[in-house]
Amino acid sequence: MMTSAEIRKKFLEFFASKGHTIVPSAPIVIKNDPTLKFTNAGMNQFKDYFLGNKKAPFPRVADTQKCLRVSGKQNDLEEVGVDTYHHTMFEMLGNWSFGDPANPQASYFKPEAIAWSWELLTEVYGLSKDRLYVTVFEGDEKDRLPRDTEAYAEWKKWIAEDRILMGKKKDNFWEMGDTGPCGPCTEIHVDCRTDAERVKVDGASLVNNDHPQVIEIWNNVFMQFNRVKDGSLVPLPARHVDTGMGLERLVRVLQGKHSNYDTDLFTGTIAIIEKITKEKYEAADSRKDVAFRVVADHIRAIAFTIADGQLPSNTDAGYVIRRILRRAVRYYYSYLDYKQPLLFQLMPALAEQFSEVFPELQHQVDFVAKVVKEEEEAFLRTLDKGLKRMDDIIATLRQANSGRIEGSAAFELFDTYGFPVDLTGLIARENGLDVDQEGFDAEMRQQKKPLPRGNGHRCGRLGYADQ
């Protein structure tokens with residue numbers, strides 16, 4: 001069985017053999033793009049090449065990119081730990097071709113991208129061809145986009161037509177955000193079910209239907225357009241290829257696991273959590289098992305964002321990191337029955353695990369661990385009282401036969417006890433309730449209004465201004 005390090009290495013070696021320059025990961029924190037807080041896809045660092053603002057130094061590149069999807073249009077936070085394949089921070093393996101009208105021979109487009117995807121998956125990694133399906137963009141009337149007949153024709157060279165499925169814009173037209181480079185894409189899906197299950201239900205019917213064992217592993221995006229502010233699409237100066245394959249899912253498939261957390265990317269961290277907490281991970285759906293997965297996932301996002309220069313804070317990107325950290329603290333406090341800082345203890349092993357591919361964490365591991373420990377200690381000081389206040393709120397709602405936590409109560413939990421509103425929402429859902437988000441937002445706007453001179457400071461102990 002290949003290790004995750006070997007799988008990553010084979011990807012990079014394969015594309016190096018196809019004339020690609022291997023480049024390092026960009027920082028996970030973005031400082032020079034007002035449309036993004038974090039790198040959420042491998043192509044972010046190449047955005048100016050796609051837009052034609054800069055000339056790419058190399059016509060073909062490949063890398064493994066640290067990505068974070070916890071805010072904005074692409075937000076996977078609520079699924080993390082609950083299912084077995086979403087993550088906050090993940091690695092995106094990618095290969096790119098930057099089109100250049102002056103040198104068309106140096107780049108490539110759909111024929112090569114599709115052929116190489118098939119070659120790597122089936123010949124290098126040895127995936128069974130009868131477990132693979134592909135999707136192709138069916139077109140969209142609203143944007144006046146035709147069906148992607150080019151991609152369909154290329155796939156017919158490699159795979160049976162009954163395994164080529166048409167996909168709607170939601171799944172087969174990739175956009176980085178509300179504006180920016182975009183284009184039709186073709187996804188590759190793998191059916192990881194048992195042979196008996198595959199006989200009973202055709203895998204084609206499960207593609208893009210949220211089946212935990214029939215999953216997308218690779219997306220080939222063909223960048224042809226730029227989405228501008230008015231929502232219209234403008235052709236890019238040159239056509240490009242942008243592909244992304246999540247390493248965590250790929251390793252799961254190649255190691256024959258049913259969960260990303262059962263691969264060697266996570267088992268080491270989970271074993272350390274077991275040793276520290278004296279609890280046992282059983283790879284099930286209990287809240288205890290979810291807590292193991294949440295902590296094993298979240299520590300990666302926390303560690304690498306801090307290593308890349310983003311400290312937890314109460315504004316913008318810093319608050320995103322604080323939210324993730326406090327979500328992890330609440331999970332280990334409540335469901336692993338561990339009442340002291342845990343996350344910082346995982347840092348040395350995590351830094352060692354990624355020392356070859358992302359050495360920046362190893363270089364500052366003591367500093368990152370210190371920041372994380374201080375954050376944990378600050379939240380643990382008020383967490384127990386906050387949870388008791390939450391219990392009181394829930395009991396009052398039960399008596400009133402109400403199913404919603406008012407915005408004022410959510411704001412109190414935020415302002416006095418440091419509960420991010422999404423943490424309050426998580427606890428609410430665990431108890432069959434929801435949160436008045438609009439009411440909370442109104443309280444936040446009211447708090448941010450400047451006070452009349454002489455009225456002092458409005459915030460509580462862990463409120464907006466001083467969390």
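Just after helix α8, lysine 278 takes a positive phi of about 65°. This value, like the others in this report, comes from a predicted model.

Helix α8 itself covers residues 267–277, and its buried residues are Thr269, Ile270, Ile273, Glu274, Ile276 and Thr277. Among the elements that cover these buried residues are α9 (287–307) and α11 (347–353).

**Helices α10 and α15**

Two packed helices are described by the angle between their axes and the distance between the axes. For helix α10 (residues 316–335) and helix α15 (residues 421–430), the axes come within 10 Å and cross at roughly 35°. On the α10 side, the contact is made by Arg323, Arg326, Arg327, Arg330, Tyr331 and Tyr335. On the α15 side, Asp422, Leu423, Leu426, Ile427 and Glu430 take part. By residue type, the contact of α10 with α15 has six charged and five nonpolar residues, and no polar ones.

**Helix α16**

Helix α16 runs over residues 437–448, and its end C-alpha atoms are 17 Å apart. At 1.5 Å a residue, its 12 residues should span 16 Å, which agrees with that distance. Four names make up the buried set of α16: Gly439, Phe440, Met444 and Gln447. Seen down the axis of α16, these buried residues fall within an arc of 145°, so they line one face of the helix. An α-helix has 3.6 residues a turn, so residues three or four places apart point the same way. Glu438 and Arg445, on the other side of α16, are exposed. The buried residues of α16 pack against α14 (407–417) and against α15; α15 is also the helix whose axis comes within 10 Å of that of α10.

| Helix | Residues | Buried residues |
|---|---|---|
| α8 | 267–277 | Thr269, Ile270, Ile273, Glu274, Ile276, Thr277 |
| α16 | 437–448 | Gly439, Phe440, Met444, Gln447 |

**Aromatic residues**

With ring centres within 6.5 Å as the criterion, the count comes to 26 aromatic pairs. One of them is formed by phenylalanine 137 and phenylalanine 173, whose rings are 5.5 Å apart centre to centre, with 50° between the planes, a tilted arrangement. Phenylalanine 137 lies in strand β6 (residues 132–137) and phenylalanine 173 in strand β8 (residues 173–175), so the pair ties together parts that are 36 residues apart in sequence. Phenylalanine 137 and phenylalanine 173 are both buried.

Note on methods
Residues are numbered from 1 along each chain as its sequence is written. This is a predicted model: local features need pLDDT of at least 70, side-chain atom pairs count only at pLDDT 80 or more; totals for chains, interfaces and linings use all residues. Side-chain values use heavy atoms; hydrogens and water are left out. Buried means under 20% relative accessible area, exposed over 50%, partly exposed in between (1.4 Å probe, protein chains only). Helices (H or I, at least four residues) and strands (E, at least two) are DSSP runs, numbered from the N terminus. Contact means heavy atoms within 4.5 Å. Axes are lines fitted to C-alpha atoms, for helices over the stretch in contact, and angles run from 0 to 180 degrees between N-to-C directions. Ala, Val, Leu, Ile, Met, Phe, Trp, Tyr, Cys and Pro count as nonpolar, Asp, Glu, Lys and Arg as charged, and the others, Gly among them, as polar. The expected span of a helix is 1.5 Å times one less than its number of residues. The arc is that of the directions from the helix axis to the C-beta atoms. Rings of Phe, Tyr and Trp (its six-membered ring) pair if their centres lie within 6.5 Å; planes under 30 degrees apart count as stacked, over 60 as edge-to-face and the rest as tilted.
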